[in-house]
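Dear colleague,

I am passing on the structure we spoke about, together with some notes on what turned up in it. Please look through it with the notes beside you.

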Amino acid sequence: MRGKRGNGEGSIYPYRNGFAAYAWVTTPIGKRDRKYVYGKTRTEVHDKWLKLHTAAKAGPVATSTPTLEHYLAFWLKEEVEVNLKPLTAATYETAVRLYIGPFLGAKRVDKLNVRDVREWLNKLAVTCQCCAQGKDERRPEERRRCCAISKCCRQYLSKRSVADARTVLRSALTYAISEEMISRNVAQLVKMAKPRPRKVIPWSVDEASRFLESARADRDPLYGAYVMILVLGLRKGEVLGLRWSDVMLDRGEVLIQQQLQRVRRRLLHSEVKTDASESLLPLPDVCLAALLLRQKSRDAHRFAARELWTESDLVFTTKYGTPVEPRNFNRRFEYRCEQAGVRLIRVHDTRKTCGTLLAALDVHPRVAMQILRHSQFAVTMEIYTQVPSEQTRNALRKLGATLDGTRLVGTVDEAETLAAPVGEEEAEAQE
């Protein structure tokens with residue numbers, strides 16, 4: 001026999017093997033709807049019903065909660081792609097597709113708990129990504145060499161990559177809280193050891209000088225780009241996206257305000273990484289000379305290509321005027337390191353050599369502070385204490401003197417050498 005209902009509890013009723021209740025709420029989209037709660041006993045449901053009424057009075061309440069897979073798809077489309085830069089959005093999408101969805105996608109957002117997240121992180125750290133993503137299986141049968149033939153290659157994620165995946169999930173759940181779908185961020189409650197940053201040993205001034213001298217002697221088509229990333233500390237995307245309209249040779253200045261990136265198989269021009277990255281920088285003499293040389297080789301290339309030339313405002317292009325592929329720039333940089341006989345480092349790591357090169361070029365510390373975009377002068381001076389040898393200084397001065405911009409490109413054949421193609425075909429041939 002059913003017990004007597006309490007005062008104001010008319011919406012509590014028996015349901016299957018327990019009880020159920022509902023309350024009228026306003027959803028996040030402003031619609032009035034019923035929200036149901038369930039439990040084994042009447043007392044349990046009554047407590048949930050009271051909390052539901054309290055939540056309904058406080059603000060909007062979602063009446064249904066999607067799985068994490070469906071919610072993350074909504075979050076990527078409505079929040080990430082709208083408000084974040086294309087490359088960041090692509091990175092988030094990759095983390096969701098490869099690392100979060102396969103493990104937690106079937107979980108309801110409101111049912112996800114701290115244990116689920118901790119178990120996911122532990123499992124993600126010991127999961128071979130070659131096996132999980134079927135990399136070896138997609139190869140032709142005769143070329144399979146590891147996971148597809150039961151020889152696991154143990155391609156595990158680094159601690160940094162696992163931490164990044166957790167950061168993406170935490171960002172998604174933070175947005176779910178703002179949408180009033182959940183009340184707490186369980187990904188934020190899971191403690192992780194901070195990944196140790198990768199130790200980067202940048203080039204010495206001697207190594208950077210050898211690299212530039214080798215590129216200049218071999219008439220490398222991207223010599224000017226190498227000068228810009230080493231002397232001005234530009235990022236790869238910034239130097240490849242540099243436009244002639246942003247270069248003021250007469251004033252000796254350059255405006256950095258866009259970058260070129262390949263995102264989801266498309267080359268995109270986008271804003272620079274941060275607000276501080278967008279700035280007007282002075283051009284040291286060696287940069288001015290390299291840009292003048294690049295200008296002359298471009299003009300010769302335009303003449304040689306004729307109707308095949310693609311007009312663009314970009315400073316660094318292929319011999320047909322098309323943009324340089326970022327990955328091809330990486331390959332060319334590695335090839336250049338080998339030819340110069342210097343340690344192979346990432347293109348991005350050249351930024352750490354910039355300060356000492358400016359000191360070697362006798363650039364005033366205040367100007368170097370502007371180029372390096374430091375907020376404190378003491379930071380700049382700390383870098384300037386690494387004074388290079390006088391021999392290195394003389395070598396760099398000599399390098400700049402040979403690029404004073406007075407030497408014209410004499411023939412089309414010479415220009416072809418100065419700006420050889422760096423498109424997909426050449427890069428693949430080099431591999």
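How much space lies in the second largest pocket? Please keep in mind, before the answer, that this is a predicted model. The second largest pocket holds about 1,000 Å³ of space, and among the 27 residues that line it, Lys35, Val61, Thr65, Asp110 and Met181 are the closest to its centre. Two elements, β3 (32-39) and α1 (42-58), each give two or more residues to this lining, and the largest share, 5 residues, comes from α1. Sorted by class, the lining of the second largest pocket has 14 nonpolar, 5 polar and 8 charged residues.

The largest pocket has a volume of about 1,900 Å³, and its lining is made up of 42 residues, with Leu87, Thr88, Thr91, Lys236 and Gln261 lying nearest the centre. The elements that supply two or more residues to this lining are α3 (86-104), α6 (159-178), α10, β6 (259-263), α12 (326-340) and α18 (424-430), and of these α3 provides the largest share, with 8 residues. The lining of the largest pocket divides by class into 17 charged, 14 nonpolar and 11 polar residues.

Helix α10, which is listed among the elements lining the largest pocket, spans residues 236-240 and includes Val239. Is Val239 buried or exposed? Its relative accessible area is 0%, and because buried means under 20%, Val239 counts as buried. Once the neighbours within four places in sequence are set aside, Val239 is in contact with Ala225, Met228, Ile229, Leu234 and Phe316. Between Val239 and Ile256, which are 17 residues apart in sequence, the C-alpha to C-alpha distance is 8.6 Å.

As for the chain as a whole, its secondary structure comes to 18 helices and 8 strands, and 45% of its 431 residues count as buried. The accessible surface of the chain is about 24,100 Å², with 50% of that area belonging to carbon and sulfur atoms. Among contacts in the chain with a separation of 6 or more, 63% are between residues 24 or more positions apart.

With best regards

Methods. Residues numbered from 1 in each chain as written. Predicted model: local features only at pLDDT ≥ 70, side-chain atom pairs only at ≥ 80, totals over all residues. Heavy atoms only, no water. Helix = DSSP H or I, 4+ residues; strand = E, 2+ residues; numbered from the N terminus. Buried < 20%, exposed > 50% of the residue type's maximum accessible area, 1.4 Å probe, protein only. Contact = heavy atoms within 4.5 Å. Areas by Shrake-Rupley, 256 points an atom, 1.4 Å probe, with all protein chains shown as cover. 1 Å grid on protein atoms, 1.4 Å probe; cavity = no way out; pocket = protein on both sides within 12 Å on 5 of 7 lines; lining within 4 Å. Points joined across faces, edges and corners; volume = space filled by probe spheres on them. Nonpolar A, V, L, I, M, F, W, Y, C, P; charged D, E, K, R; others polar.
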